[in-house]
Amino acid sequence: MTEAARAAAAAGYADLPLDTDGVPHGQPVLDRLVALLDLERIEENIFRGVSPAESPVRVFGGQVAGQALVAAGRTVPPERRVHSLHSYFIRGGDPTVPIVYEVDRIRDGRSFTTRRVVAIQHGKAIFALSASFQLDEDGMDHFEPMPSVPSPDSLPTYAESAAGYLEKVGMARLPRPIDIRYVTEPPWRAREGGPGEARSQVWMRADGKLPDDDMLHVCVLAYASDMTLLDSVLVRHGVYWGTDKLLGASLDHAMWFHRRFRADEWFLYDCESPSASGARGLATGRFYAQDGRLVATVVQEGLLRLMR
């Protein structure tokens with residue numbers, strides 16, 4: 001691993017700025033995320049990444065997706081930008097050991113480049129990703145308009161929204177490199193009213209300043225995309241992580257990147273769930289820049305088992 005990643009993985013959070021609920025946040029936490037995305041090159045097509053010192057029981061899905069995309073991007077000329085990814089979460093990742101990323105250079109065409117990445121721990125695949133990169137081209141241009149929502153500055157912070165629920169709210173105690181503001185009622189509060197509309201809307205941004213690296217901004221967006229997407233399934237059924245006997249995990253994840261953006265500026269994540277069945281829930285999401293441009297689209301299916 002790089003020196004920066006090694007330091008980020010080993011460091012505790014006692015010296016970092018705290019949110020109003022006592023959870024680390026802000027630029028130093030974001031800097032550690034950036035360091036964790038700086039993979040070590042072991043061989044021409046082999047990279048190694050690590051998890052932060054404070055992690056959930058399994059490696060966070062957004063982390064492994066972001067790191068896998070970094071590995072793919074390291075083998076592609078910088079003038080070719082990623083426009084889509086398709087991935088499967090195969091096994092739960094172990095946050096206590098490094099993750100090895102093996103890149104397969106599937107195709108290098110005149111306009112498009114295709115890469116496949118497999119993430120490996122303990123000799124077994126835990127995650128697989130395919131990504132496509134393209135040279136910039138002119139063409140038709142349109143997008144669905146952004147929903148009308150309150151501005152992020154008018155909304156409560158995540159810490160304020162979680163007040164009184166902190167011990168029960170999913171990853172609420174983990175350091176926060178992403179600033180999140182709920183437009184719709186937070187799912188841990190919404191569940192008190194029973195089943196509701198299958199929709200979740202949040203404003204998000206990296207909680208600090210990111211370097212001027214287009215690929216890094218895409219990888220940070222991929223990281224953030226796994227944070228609230230399945231909320232749209234849960235609110236439809238009036239349940240939430242930690243407050244109900246619910247077992248969940250991401251199964252697959254796809255993203256399409258439409259336009260350039262900065263992940264350290266506000267973007268609206270507008271998510272809805274068209275279906276849930278067979279202990280699986282499907283969610284779709286759209287990322288809008290604050291100026292109204294549609295910058296990315298996401299689709300994910302998650303395992304959602306209600307335990308009796």
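Mentor: In the hairpin of β10 and β11, which has 2 residues between the strands, Gly278 takes a positive phi near 60°. Please keep in mind that this is a predicted model.

Trainee: What makes β10 and β11 paired strands?
Mentor: Two strands pair if there are at least two bridges between them, and β10 and β11 are joined by 9 bridges and run antiparallel, so they count as a pair. In β11, Arg286 is the bridge partner of Asp270, while Gln201 stands opposite Asp270 in β10.

Trainee: How do you know that β8 and β10 pair as well?
Mentor: The reasoning is repeated here: 6 bridges link β8 and β10 in the antiparallel sense, and at least two are needed.

Trainee: What is the order of the strands in the open sheet?
Mentor: The sheet has 12 strands with antiparallel pairing, in the order β1-β2-β4-β5-β6-β3-β9-β12-β11-β10-β8-β7. On average, its neighbouring strands are turned by 25° against each other, direction ignored.

Trainee: Why are β1 and β7 said to stand at the edges?
Mentor: Each of them, β1 at 40-43 and β7 at 178-182, has a single partner strand, so one side of each is left without a neighbour in the sheet.

Trainee: Which strand is joined to β9, and by how many bridges?
Mentor: Strand β9, residues 246-257, is joined to β12, residues 294-306, by 11 bridges, and the two run antiparallel. Helix α6, residues 214-225, packs on the sheet and touches several strands, including β9 and β12, with its direction at about 150° to that of β9.

Trainee: Why is His253 called buried?
Mentor: The term applies under 20% relative accessible area, and His253, which is found in strand β9, has a value of 3%, so it is buried. Beyond its neighbours within four places in sequence, the residues in contact with His253 include Leu85, Phe89, Leu229 and Val298.

How values were computed:
Residues are numbered from 1 along each chain as its sequence is written. This is a predicted model: local features need pLDDT of at least 70, side-chain atom pairs count only at pLDDT 80 or more; totals for chains, interfaces and linings use all residues. Side-chain values use heavy atoms; hydrogens and water are left out. Helices (H or I, at least four residues) and strands (E, at least two) are DSSP runs, numbered from the N terminus. Axes are lines fitted to C-alpha atoms, for helices over the stretch in contact, and angles run from 0 to 180 degrees between N-to-C directions. Contact means heavy atoms within 4.5 Å. Buried means under 20% relative accessible area, exposed over 50%, partly exposed in between (1.4 Å probe, protein chains only).
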